[in-house]
Amino acid sequence: PGSIVSRADARIASVIGGRVTSVADVGTRLKAGEPLARLDDTLPRLRVADLTAQLARARAQHDVASSQLERFNRLAATQALSASQLEDARAQREVSNDDVERAEAQLRQAQYEIDQSVIRAPFPGVLTERFLQRGEFVQVGAPSARLVNTEDVEARATAALDLAANVRPGQTVSVRAHGHEQR
């Protein structure tokens, strides 16, 4: 006696939290990468708009700090400027550079959240169970649906321990199900 089971049978979880806007129906056949659920992405989209403006501001401040440092470098050559003023200008440019990098990272994070608001099938399969409904709020890591790959299967058989010596890696076996035999 035995059973045929899928090698890929997973509870697909959400990487971000959010309100569910749609979920595929049980029985839906999905290709790898196809959406099985969608979350509301309004908040991350608003963050992208805000962070885009912050990034533009940080870049403008960096440009001002860089041009001021260039002027101060020219003035320092004529000794019309103190060493501390030049160091302050260098520090200001470095701070503005860090502000640009931080804004860029935050923008990438918000874009990632938008991308992850679509929960996608990691492998081809059939949706066999839904763990959430439209309108519910899903937490990070909470299972959204169960996906089973019905093409990539293996046979699991129960046998007496005495037969273990007869089993070898790579051995071909016959499986009989409902009167049909398959190797």
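A search of the whole structure finds ten salt bridges, a salt bridge being a side-chain nitrogen of Lys or Arg within 4 Å of a carboxyl oxygen of Asp or Glu. Side chains of opposite charge can pair when their charged atoms come close. The structure is a predicted model, in which local features need pLDDT of at least 70, side-chain atom pairs count only at pLDDT 80 or more, and totals for chains, interfaces and linings use all residues. Residues are numbered from 1 along each chain as its sequence is written, and side-chain values use heavy atoms, with hydrogens and water left out.

| Asp 152 | Arg 7 | 3.7 Å |

Arg 7 forms a salt bridge with Asp 152. This pair links distant parts of the chain, 145 residues apart: Arg 7 lies in the loop between β1 (2–6) and β2 (9–13), and Asp 152 in the loop between β9 (143–148) and β10 (153–157). Helices (H or I, at least four residues) and strands (E, at least two) are DSSP runs, numbered from the N terminus. Arg 7 is exposed, with a relative accessible area of 55%, whereas Asp 152 is partly exposed at 35%. Here buried means under 20% relative accessible area, exposed over 50%, and partly exposed in between (1.4 Å probe, protein chains only).

Asp 40 is partly exposed at 28% relative accessibility, and Arg 19 is partly exposed at 40%.

Helix α2 (residues 83–116) has 34 residues. From its first C-alpha to its last, α2 reaches 50 Å, close to the 50 Å expected at 1.5 Å a residue; the expected span is 1.5 Å times one less than the number of residues. The buried residues of α2 are Leu 86, Ala 89, Ser 96, Val 100, Ala 103, Leu 107, Ala 110 and Ile 114. Among the elements that cover these buried residues are α1 (42–77) and β6 (118–120).

Key
Contact = heavy atoms within 4.5 Å.
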